[in-house]
Amino acid sequence: MTEFKEDVSIVLGGAAGQGIQTVEGILTYALKSSGYHVYANKEYMSRVRGGINTTEIRVSSRRVRAFVKRIDILVPFKQGVLSWVSDRLSETTVVLGERGNVEESFLEGANLVEVPLTKLALETGSQLYINTTAAGLIVGLFHGDFGAVEEYIRKRFGSKGENVVGKNIEAAKKGYELGVKLCEEGTIRVDVERDEKVREEILLSGTEAVGIGALAGGMNFLSFYPMSPSTGVSTFAAQHAEEFGIIVEQVEDEISAINMALGAWFAGARAMVSTSGGGFALMSEALSLAGMAENPIVIHLAQRPGPATGLPTRTMQGDLNLVLYAGHGDFPRIILAPGSMEEAFYLSAEAFNLADKYQVPVIILTDQYFVDTYYNLPKPELGRIKFERHIVEAKPGYRRYELTEDGISPRAVPGYGEEVVIANGNEHDEWGDITEEAELTRKMQEKRAVKKLETIRKNAPLPRLVGNEGAKYLVVSWGSTLHVVEEALEKLGRDEAALLHFSWVYPLNPEARKFFEDKTVIVVENNITGQFADLLRKELGVEVHHRVLKYDGRPFSVEEVFDALKGVVE
Amino acid sequence: MNLPTGREAFEPKRPTSKDVAWCPGCGNFGIRNILISALAELGLKPSEVAIISGIGQAAKMPHYINANGYHTLHGRAIPIATGVKAANPELTVIAEGGDGDMYAEGGNHLLHAIRRNPDITVLIHDNQIYGLTKGQASPTTMIGMKTPTQPWGVFEEPFNPVALAISMNASFVARTFMGYFRESVEIIKKAIRHRGLAIVDILHPCVSFNKVNTYAWYREHTYWMDDHDPHDREAAFKRAIETDPLPLGIFYINEKPTFEESVPAYRVDKRPLWKREPKLDLVEKFFEGKKQ
């Protein structure tokens, strides 16, 4: 008998196109509806069919939000899955599936619990139902709410007709009964407590959190060129375009995408582009225009490994330097990197106020790991969303680039007021007309690159400290590594180590220095050089003592961060 | 509001906007006059017009006319103008640039703007040479012309914007020569009034760097299409591939839905985007749906 307590990590593996997404959808939905905390993340290959893709689903009695290497239950849908995840298998891993899907070399050592998925699916009428059977099986192991499985199937397959819905429910039922039976027989025992509050919570992915956050912030224009792993946000926006009455346009290239969005902001829209590193590289010319013309823009960049095409479907925090330095000449920008779904929602909404207020590019930096992660969370509070327009009327004498103390000129939009608005990518006078005058050039450079930057910097929020203020070790995370570092630290359970998380990445408020005083600083980041560690030195003069880096295109696991931190602390 | 209209309203007013950087005798002066007359005769007000330009001498136009303007990047006027119009369809939006700007750097955007069909007017100042960078060949330079960077003479096939636009079933395609003032004003008025993407290739001399295509050359090598039906695409294409003399006038008109009419944003709510607020009730509804 194999027993799992409190927190179970289930990994499903199969070929692209085998329907693992369906299983994932049913499972997370039904288990969350049953009162379990759930977390899911996937890794996939850059191909339409074949290969091996896996999904990890954690089911827990307490909130779980991070990737673990450990696999408790592995469901392989084809041969090759065990080899693909061999470094994640242990003696206690239960392989739940058909003998035919386990490679010869693993048959002896694996803890295989054979389940006749194909047979059950065929009894329902077709091998196609194998996915729903497997989903039912796992929900059965948890004695989950079968009504929720039915509900999900109705929603997902409803458009395909009553027959398809009925057959899928029947297939899931067969799986469910088998799952319950495995527990009753004592083959597998799952002991995870339910938390009634979870039923009232929502399930949200990183992609959705950015997308709905942008809509909450008043985004009404999105132009994009598809690029993994950012496309989900554009798809999300397109699917909500009619309901929200917004413009979503797939354009000819990333150059057009950002320029169109700049035009839209010039005319008063709240526009966003969503892209990845390679697409952003093409946008850097227009980023300079945004800097010079002080044209607001919100850019969502979902990072993947580079350089060039890199690993198109995998993850890395490797584009911080790109967004920090992209564009020619000096101009300020704001870089945000959400670490949780809540942060992604609130920051994506706030990004639009920031862009409008400071008239600078605001970049929301996520990555493949983050956009493809989801878990349950309490519904965000819409009361916290503020809508600040920051637009003035162009009255007679209006000057678009008026020199001001804080570096922020009042921004009018064409058609609001009787005066005209002139924006310019050339160096300009206060009215917006071209100038080559030395003194004016100096003033305009200072206004943008010094005064405005200082205004943003002093208003930048501080990072969030989790744990003991007097801790000797300060573990720093930024963006998507938040939860994995958090869980690794909990596991480490020592008072001498605290977590400092940055979701506002640039510019950094100088007051943030106080967190680092007399600490041994450990920065955890998903890239090869430690780009954020370098930024801490540059911005705050902070010395980073240890860099915990990972750069194989995969996210950190809790175990890896735990081992690394343990190595430093001991 | 009672705002001034007429030519006077569009004359430059800001402190440096009278300091024009074009060479004496430049065709751009004529185009500015034509544009000011067209805007004034259409009864528009400066605050209702937005001129979006790329880079180059032609692209300096927003500084020498009193209207909303955005002087942007080389080749990018069209996507920016598309964004401006999409965000506020109440504005009359004009994208302006030279032959290098629109046909070389911005070529891809022109192609896709024809497909997208925003209700903007694209004015191309076509002098068949690069002026601001001092005399290199442009996409429309004629075969055989020698330049400092093509000392052996240009051998590339000149870009034919009119034939290209008609082949792509563009919404409005015209060509004019700025030396014909009244005719040019009428064409540009029609282009602005046209619902959909209107492309006007405006021939004009570069007095400093193009010694072949002079005022006299354009008069000698062009003619007005008097007997042409712009709704006949085949006839328009036949005219478009004529090279000497070059036909002038409206080649093609193809009424079709515009980009702004096609996006869902204006189906119910007609207000420009800057007047709108976030729909938090729909965000709330989305979250409620995420519980089940």
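The model is predicted.

**The interface of chain A and chain B**

The size of an interface is often given as the accessible area lost when the parts come together. For chain A and chain B, the area buried between them is about 5,600 Å², and carbon and sulfur atoms account for 63% of it. Three residues, A:Ile247, A:Glu252 and A:Leu382, supply 11% of the area that chain A buries against chain B, more than any other three residues.

Eleven salt bridges are found across the interface of chain A and chain B. One salt bridge is formed by the side chains of B:Lys285 and A:Glu243, with an N to O distance of 3.3 Å.

Strand pairing also links the chains. Strand β17 (residues 422-424) of chain A and strand β2 (residues 68-71) of chain B run parallel and are joined by three bridges. Within β2(B), B:His71 stands opposite A:Asn424.

**A covered helix in chain A**

Helix α8 (residues 206-216) of chain A is mostly covered, eleven of its eleven residues being buried. Among the buried residues of α8(A) are A:Glu208, A:Val210, A:Ile212 and A:Leu215. Glycines of α8(A) that are buried include A:Gly206, A:Gly211 and A:Gly213. Just after α8(A), A:Gly218 takes a positive phi of about 95°.

**A:Glu6 and A:Asp7**

These neighbours may be taken together. A:Glu6 is situated in the loop between β1 (2-5) and β2 of chain A, whereas A:Asp7 belongs to strand β2 (residues 7-16) of chain A. Is A:Asp7 buried or exposed? A:Asp7 counts as buried because its relative accessibility is 18%, under the 20% limit. A:Glu6 has a relative accessibility of 51% and therefore counts as exposed, the limit being over 50%. Neighbours within four places in sequence left aside, A:Asp7 is in contact with A:Arg58, A:Val59, A:Ser60, A:Val64, A:Arg70, A:Asp72 and A:Val192.

**Backbone geometry**

| Residue | Phi |
|---|---|
| A:Glu6 | about 60° |
| B:Lys134 | near 75° |

B:Lys134 is placed in the loop between β4 (121-126) and α6 (161-167) of chain B. Its relative accessibility is 57%, so B:Lys134 counts as exposed.

Cis peptide bonds are also present. In chain A, A:Tyr506 and A:Pro507 are joined by a cis peptide bond with omega of about -10°. A:Pro507 lies in the loop between β21 (504-506) and β22 (520-525) of chain A. In chain B, the peptide bond from B:Asp244 to B:Pro245 is cis, and its omega is near 5°. The loop that holds B:Pro245 runs between α9 (233-240) and β8 (246-253) of chain B.

Technical notes. Residues are numbered from 1 along each chain as its sequence is written. Chains are lettered from A and ligands numbered from 1 in the order in which they are written. This is a predicted model: local features need pLDDT of at least 70, side-chain atom pairs count only at pLDDT 80 or more; totals for chains, interfaces and linings use all residues. Side-chain values use heavy atoms; hydrogens and water are left out. Buried area is the accessible area (1.4 Å probe) that two parts lose on being put together, summed over both. A salt bridge is a side-chain nitrogen of Lys or Arg within 4 Å of a carboxyl oxygen of Asp or Glu. Two strands pair if DSSP finds at least two bridges between them. Helices (H or I, at least four residues) and strands (E, at least two) are DSSP runs, numbered from the N terminus. Buried means under 20% relative accessible area, exposed over 50%, partly exposed in between (1.4 Å probe, protein chains only). Contact means heavy atoms within 4.5 Å.
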